[in-house]
Amino acid sequence: MRASTIKLKKIIYILFWIILWQIIAVGLNREVYLPTPINTIKALFNIVQTKGFFMSIFYTLLRVFTGFLISFILGIIIGLFSSFNRHIYDLLNPLVISIKSTPVISIIIIFLSWFKSGIVPIIITFLMCFPIIWTNVVEGVKSTDKSLVDMAKVYKVSKYNILKHIYLPSILPYIVSGSLTTLGLGWKVAVAAEVLSQPNYSIGAHLYDSKIYLETESLFAWTLVVIILSFIFEYFFKYIIKLKMKGRI
């Protein structure tokens, strides 16, 4: 199937949902419950012109990226150690399971009593993303062809080269898959943490204010901002991965 045809289909699918949104909003005729797409776009243009819009975008981006980057680096490093050392795996596995099982809202409230509001979204993003990266790295190592590893040991290949040329190619798809999952999750939990922690210059704080003052158009507009930024973030990450695969970086 041609790339142009695929893009056209995607546009048609998006238009379908926008038209459906418009029909439901017009039928409901209650802007306070569901604004129309047109009014949402108007509200978006209005908030873009407000003071502090780009500062809020910048600081939310910084919090999401910081939490994601820390979880990405530590998830890979600790995941590798856990894969090769059963004691480390057994030590961390209950903690990872506990984090996965605990409601995000509970963790946010707990950390709000311990840390400053600006730090909480970073910590929450890290805690929600780390288990996914860690688990994927461990699973990637498990999926490695053990016969290749045994053969490399027979020929006395160094541990560094075994890791680089056998293990890393095996776990790379798992890392990419986990990273794409955590990118979307990171945005959700970071903004949710901002809604509760109310740090200065944050998208979450604007979402909360819009809800309090019943400014539904602004609420939808800020939500649209989050969706757009999440899409750009994910697209940029995929682009970097493609360049890496082609050996350009």
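A nonpolar core is a set of buried Ala, Val, Leu, Ile, Met, Phe, Trp, Tyr and Cys residues joined through side-chain atoms within 4.5 Å, where buried means under 20% relative accessible area (1.4 Å probe, protein chains only). This is a predicted model, in which local features need pLDDT of at least 70 and side-chain atom pairs count only at pLDDT 80 or more, while totals for chains, interfaces and linings use all residues. Residues are numbered from 1 along each chain as its sequence is written, and side-chain values use heavy atoms, with hydrogens and water left out.

The chain is split into domain 1 (1-30) and domain 2 (37-247), with bounds from an automatic or database domain assignment. Their C-alpha centres are 29 Å apart.

The largest nonpolar core holds 20 residues, and Ile-47, Ile-57, Trp-187, Ile-203, Trp-222 and Val-225 have the most contacts inside it. Two or more residues each come from α2 (37-48), α3 (53-84), α8 (159-197), α9 (203-212) and α10 (216-245); helices here are DSSP runs (H or I, at least four residues), numbered from the N terminus. The most, 7 residues, come from α10. Counting contact as heavy atoms within 4.5 Å, and leaving out residues up to four places away in sequence, Ile-203 touches Ser-56, Ile-57, Thr-60, Glu-194, Trp-222, Val-225, Val-226 and Leu-229. A second, separate core has 11 residues, including Ile-107, Phe-111, Leu-127 and Val-189.

Helix α6 spans residues 120-142. Of its 23 residues, 19 are buried. A kink of about 30 degrees lies at Cys-129, shortly before the proline Pro-131; the bend is the angle between axes fitted to the seven residues ending at a residue and the seven starting there.

Notes:
Buried means under 20% relative accessible area, exposed over 50%, partly exposed in between (1.4 Å probe, protein chains only). The expected span of a helix is 1.5 Å times one less than its number of residues.
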